[in-house]
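Work through the exercises below with the model open. Each task is followed by its solution.

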Amino acid sequence: MSKEDLIKAAIKAVVEGDEDSAVDIANKVIAEGLNPMDIIGEGFAKGMIEVGDLFAKEDYALPEVLLSAGAMQKAMDLLDPHIPRQDVKDKMGVVVIGTVQGDIHEIGKRIVGTMLEVYGFEVHDLGADVPLETFIEKAKELKADIIATSALMTTTMMRQNKLEEALKEAGMRDKVKTMVGGAAVTQEWADLIGADGYGQDVTEAVEAAKELVKPSS
């Protein structure tokens, strides 16, 4: 299969929640010595964006989203060890990332975390269903530059707002930048709650993080 065919197949596998096809594509990428990030970014990740759109329009229910996420997770498990990390002399910054409490969805957050590592960030992934206090404690411990939270559902995205409030109460809001993302999250929501950054997809999230740690002139 050509690279273009693999990209198309990766999108299709994720949208259809086809775990076997996703694994087959990942193995072909490895066998052919292709850069996994090309297939992840243009294929699997775009497939998940399409799934997110279908979920937002209520064409997909949560079980279908989970099937798609599971298919991508299997592919990521295989591809992650083969992703080339940049030889970065100076660390870009420290990021604490996780999915907010009440939400168990990890795939989008995991992809963003991997991409941030590729671009030289030190990433500490707290996993899913993470309490606000854990984000704050870990950020304080690591002197993190960014706290990045993901929320797939409208019912859990409120936790992102609660984090902004909790950081203010802890006297940390001016010490750390915040980023938000997830299927339910929009730029308007980020602006409303006062988050510093937002990414609709993986590429936007990485660019937002790079902007947040850029030295002020």
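**Exercise 1.** Describe how helix 5 and helix 9 pack.

Step 1: the axes of helix 5 (residues 107–118) and helix 9 (residues 202–212) come within 9 Å and cross at roughly 50°. Axes are lines fitted to C-alpha atoms over the stretch in contact, with angles from 0 to 180 degrees between N-to-C directions. Helices are DSSP runs of H or I, at least four residues, and strands runs of E, at least two, numbered from the N terminus.

Step 2: Ile111, Val112, Met115 and Leu116 of helix 5 meet Val202, Ala205, Val206 and Ala209 of helix 9 (contact: heavy atoms within 4.5 Å). The residues of this contact are 8 nonpolar, no polar and no charged. Ala, Val, Leu, Ile, Met, Phe, Trp, Tyr, Cys and Pro count as nonpolar; Asp, Glu, Lys and Arg as charged; the others, Gly among them, as polar.

The model is predicted: local features need pLDDT of at least 70, side-chain atom pairs 80 or more, while totals for chains, interfaces and linings use all residues. Residues are numbered from 1 along each chain as its sequence is written, and side-chain values use heavy atoms, without hydrogens and water.

**Exercise 2.** What percentage of the 217 residues is buried?

Apply the cut-off: under 20% relative accessible area, with a 1.4 Å probe and protein chains only. Buried residues make up 46%.

Technical notes
Buried means under 20% relative accessible area, exposed over 50%, partly exposed in between (1.4 Å probe, protein chains only).
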